[in-house]
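Let's take a look at a protein and the molecule it holds. Keep the picture open as you read.

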Amino acid sequence: MKLKNQVAIITGSSSGIGKSVAQCMAAEGAKVIINYPFEKTAPDAQAVLDSITQAGGEGSMFQCDVSQEDQVIAMFEHTKKLYGTVDILVNNAGIQVDSAFETMSLKQWNAVIDVNLTGQFLCAREAIKEFLSRGVVSDTSCAAGKIICMSSVHQVIPWAGHANYASSKGGIDMLMQTIAQEFAGRKVRVNSICPGAIQTPINKDAWSTKEALDELLTLIPYKRIGQPEDIGKAAVWLASDDSDYVNGASLFVDGGMTLFPGFRTNG
Ligand code: NAI
Ligand code: BGC
């Protein structure tokens, strides 16, 4: 029970990676807030909560669009009222709105930046305020609070046709490092996870046919697509005191996707 008595908000946790992070953290004793953005995603969030309570864990749901300041503030207020504080933030919510660059509209650009980058800023700011006002509670964790930013291999791998998405992930890297630097002295830890290709709804086109999956596997030296639990387990480690000396780091969980696989036999 590495996260016993800790309260974790996991944004965008009604599906995919966020769902697994919520389940893995609840299994380690955290009380989890399952955040979902819209009414139509409520049944999925309810199913995640049910799976957690059936396994003996504790959690609650909260609807909030992370790109909306008032809704983010309300989510943190609600969590503090319900559970007393927030110990862990997993900034996971993210979207892709893909387009060739020359036809990318401002709307498509803003949609991705608003959720993936501004959403992480708003949630991190509210978490930091709570961590600073509470400080370290020694029988809970060595740190006053932990933030995990869900970035991507695309914080370092350029991605044609996805300029908005890759830019948001590059931005997350600098946001993460800057707040890690700014608050390390107040015992706050901020790190990123950079997943490679994980089998979730966001990239269904890349794995739902044999041809697509075969093509994807040419980019993954470890020769399997990642599963949400690969990220859930990494998130538990980064949130726990087992990683207490890790701060400002990007943990790539990508089966080697960032190893330039095209250079294995050539170059
Ligand atoms: P997903 O589509 O299952 O999850 C994204 C979640 O974000 C959904 O639950 C969705 O409802 C939520 N969301 C969307 N807009 C929101 C908003 N405005 N406010 C709150 N929540 C919102 O896909 P996946 O893969 O689980 O994505 C999770 C994170 O992991 C994203 O940040 C994504 O960029 C990142 N990622 C995913 C990879 C993959 O291969 N699946 C690889 C690298 C990073
Ligand atoms: C994207 C996925 C993609 C993966 C590897 C993620 O950031 O959201 O669509 O499969 O990176 O390229």
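## Around the ligand

Helix H1 (16–27) and helix H5 (163–183) each give at least two residues to the shell around ligand 1; helices here are DSSP runs (H or I, at least four residues), numbered from the N terminus. This is a predicted model, in which local features need pLDDT of at least 70 and side-chain atom pairs count only at pLDDT 80 or more, while totals for chains, interfaces and linings use all residues. Residues are numbered from 1 along each chain as its sequence is written, chains are lettered from A and ligands numbered from 1 in the order in which they are written, and side-chain values use heavy atoms, leaving out hydrogens and water.

There are 28 residues around ligand 1, and Ser-15, Ile-17, Asn-92, Tyr-165 and Thr-200 come nearest. A residue belongs here if one of its heavy atoms lies within 4 Å of the ligand.

Which side chains meet ligand 1 through N or O atoms? The side chain of Asp-65 has an N or O atom 2.8 Å from a nitrogen atom of ligand 1.

The structure holds zero disulfides, a disulfide being a pair of cysteine sulfur atoms within 2.5 Å. For Cys-64, the nearest cysteine sulfur is that of Cys-123, 6.0 Å away. Cys-64 is buried, at 1% relative accessible area, and Cys-123 is buried too, at 0%. Buried means under 20% relative accessible area (1.4 Å probe, protein chains only).

Methods. A polar contact is a pair of N or O atoms within 3.5 Å; within protein, one must be able to donate a hydrogen and the other to accept it, and residues adjacent in sequence count only if both atoms are side-chain atoms. Buried means under 20% relative accessible area, exposed over 50%, partly exposed in between (1.4 Å probe, protein chains only).
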